[in-house]
Every structure is written in structure tokens, then in C-alpha cells.
Amino acid sequence: MLLLFGVAAIMCTSCIFLPPKDVEEVIEKDGMTLVWQDDFDYTGVPNTQKWKYQTGAGGWGNNELQFYTDNTSVADTAKVENGYLRIKAYDDGSGWKSARLNSKQSWKYGYIEARMKITDRYGAWPAFWMMPQNSEYGTWPASGEIDIMENAPSTQGNHRIFSSLHAQGHYSANPASIGNKTFTSDLSSEWHTVGVRWTEEKITAYYDDVAVGEYINNGSGYEDWPYDKEFYIILNLAIGGNLGGTSDVYKLDNQAEFLIDYVHVYQEK
């Protein structure tokens, strides 16, 4: 026993014993690593470390009806509960109130996605999109816009989502389409994941992890590819307007909702 103990002691002089430690989970998607997220696993107002409100009369040229609030003067236009973010638009008798949330962080390239239940109602116009942090190529549309998901049944058809890009060479009623799909059921009753994979070479739209279309950088410059700068994320629910369908707002019965389960950003490391 003494001999065995001595051998064991000699053998272990070269061993290093470390206390156990937590291992951080690395979450990846399509070869990219998760770098930013809001899973809305809390209750109350949206996380002020990650989001900021854009307030005032919405539309900025689109003739929309809503006034965006920040939850201080009008409650519950943006609220986190039951594991998701609810953006609620309603007419309180003095006009439509809603919410628009901008991410405080911006990114250049990555896989940007969200899981959501989409309003899918005539007169409403929910959107998940991105705008440039700094308009380095000039005012809209010169510096670009990335529309990851829009839904406007009044003008675009039932149960349909679409994705598009705006730039000096393609904008307004003639954007660069990167995908669209018409679903067989009401989008407000089922969760769907929508996103874009954005690289130096192209932007590809994904619906429920399936690629539906892309736009390739042809190297002609910012007029067709201003998407080489940092962009931030926007979540909003517009009412009426050129695309939302102002004439159909009465079908909303004075309220509409847009639910978001999570927003994730992945990038190459």
C-alpha cells in the first residue's frame, strides 16, 4: 500500500487539477455566431439597453395614420409579456396610437432574423426592417433600406409577406425584391421565422429557414449597393397609408397586434 501510494503521488506531480467552471454556450446559425439577441423572456417595457422608441406622427411620406408613442403618455403600445413582445395599435377616439422600436446597436453584415405572428389584417402594415446608422451616401433612398418582412393585405393580398431593398437605383414603388410568399392560413395565428443573410456579396431572404430570393452586389457602386455600412433594426406596426390601405382601416375594429417571439443577430467570427 505504501508503495502504491508513493507511485500514485509521483505520477500525479505532473497533473493539474482545475475546479469546474461554466462553459458559455455558443449558438450558431448558417456558419455564423449569435452576437445579439432579445428573447423577450421578461415582463414590462422593452429592454431599454437594447431598444429605443421613435415617436411622433408616423409615415414620413407614406400617409400613415398612427402616432408612435413611447409608453409614457400612452400605455401598452409596446409591452413584453408571456415570452414575447406585443406591439399594439389602437384608436382611442383621438386617433391611432402604435409603437416603433429601433435597436440601439447596428451591424454590418450578418444573419438577422425574428420569429413572429404577423397581424395579417386589412388596414394594418407590420414591418421588420433595417435602416443605415449613418446616411453616408445621402438621404433616403441613397443610403439604403433593408425590408426583411412587410405585410399589407389591403394592397398586397391575403396571408402574404414580402422582402425588398431600397437604394438610389431601386426604391419606392420599384424596389429590388428578394422574396415573397403567400401562406395558406392566417399569419396572425401561426409563428413564422423571417430573416436575411447579408454578406458583402449578396442579401438573401429566408422564410422559415428556406431561402426565397436574393440580390447580388454587381459592383456598380452605392446607387445599387449601399449595403456596405452599419444598419439598425426596426420593428413597427403602421396603420393605413399608401401600402397599408387607409380605406380599409375600418376593418380593424379599432385595434391590431403584432407579436415578436425573438430577434437574433448572427455574425461571422
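This dialogue works through a few features of a predicted model.

Student: What conventions apply before reading any feature?

Tutor: This is a predicted model, in which local features need pLDDT of at least 70 and side-chain atom pairs count only at pLDDT 80 or more, while totals for chains, interfaces and linings use all residues. Residues are numbered from 1 along each chain as its sequence is written, and side-chain values use heavy atoms, with hydrogens and water left out.

Student: What is the mean pLDDT of the protein, and where is pLDDT below 50?

Tutor: pLDDT is the predictor's confidence in each residue, from 0 to 100. Here the mean is 90, and 90% of the residues reach 70 or more. Residues 1–23 fall below 50, and in the model this stretch has 0 contacts (heavy atoms within 4.5 Å) beyond near neighbours in sequence.

Student: How is a pocket defined, and what lines the largest pocket?

Tutor: On a 1 Å grid over the protein atoms alone, a cavity is a set of points where a 1.4 Å probe fits but cannot get out; a pocket is an open set with protein on both sides within 12 Å along at least five of seven lines, and lining residues have an atom within 4 Å of a point. Grid points are joined across faces, edges and corners, and the volume is the space filled by probe spheres set on the points. The largest pocket holds about 870 Å³. Its lining has 33 residues, with Asn62, Trp125, Trp140, Glu145 and Glu150 nearest the centre. Elements giving two or more residues to this lining include β11 (124–132), β12 (145–150) and α3 (241–244). Helices (H or I, at least four residues) and strands (E, at least two) are DSSP runs, numbered from the N terminus. Strand β13 provides the largest share of the lining, 5 residues.

Student: How many lining residues of the largest pocket are nonpolar, polar and charged?

Tutor: Ala, Val, Leu, Ile, Met, Phe, Trp, Tyr, Cys and Pro count as nonpolar, Asp, Glu, Lys and Arg as charged, and the others, Gly among them, as polar. The lining has 13 nonpolar, 14 polar and 6 charged residues.

Student: Which strand does β15 pair with?

Tutor: Two strands pair if DSSP finds at least two bridges between them. Strand β15 (residues 192–198) pairs with β16 in the antiparallel sense over 5 bridges, and the hairpin they form has 3 residues between them. On another pairing, β16 and β17 (residues 210–216) run antiparallel, joined by 6 bridges. Ile203 in β16 is the bridge partner of Trp198, and Ile203 also stands opposite Tyr215 in β17.

Student: Is Asp120 buried or exposed?

Tutor: Buried means under 20% relative accessible area, exposed over 50%, partly exposed in between (1.4 Å probe, protein chains only). Asp120 has 8% relative accessibility and therefore counts as buried. Asp120 sits in the loop between β10 (110–117) and β11; residues it touches include Asn151, Arg160 and Asp186, leaving aside those up to four places away in sequence. In strand β16 (residues 202–207), 5 of the 6 residues are buried.

Student: Which backbone angles stand out, and where are they?

Tutor: Most residues other than glycine have a negative phi, and most peptide bonds are trans. The bond from Trp140 to Pro141 is cis, with omega near 5°, and Pro141 lies in the loop between β11 and β12. Asp30 has a positive phi of about 50° and lies in the loop between β1 (28–29) and β2 (32–38). Tyr109 has a positive phi of about 75°.
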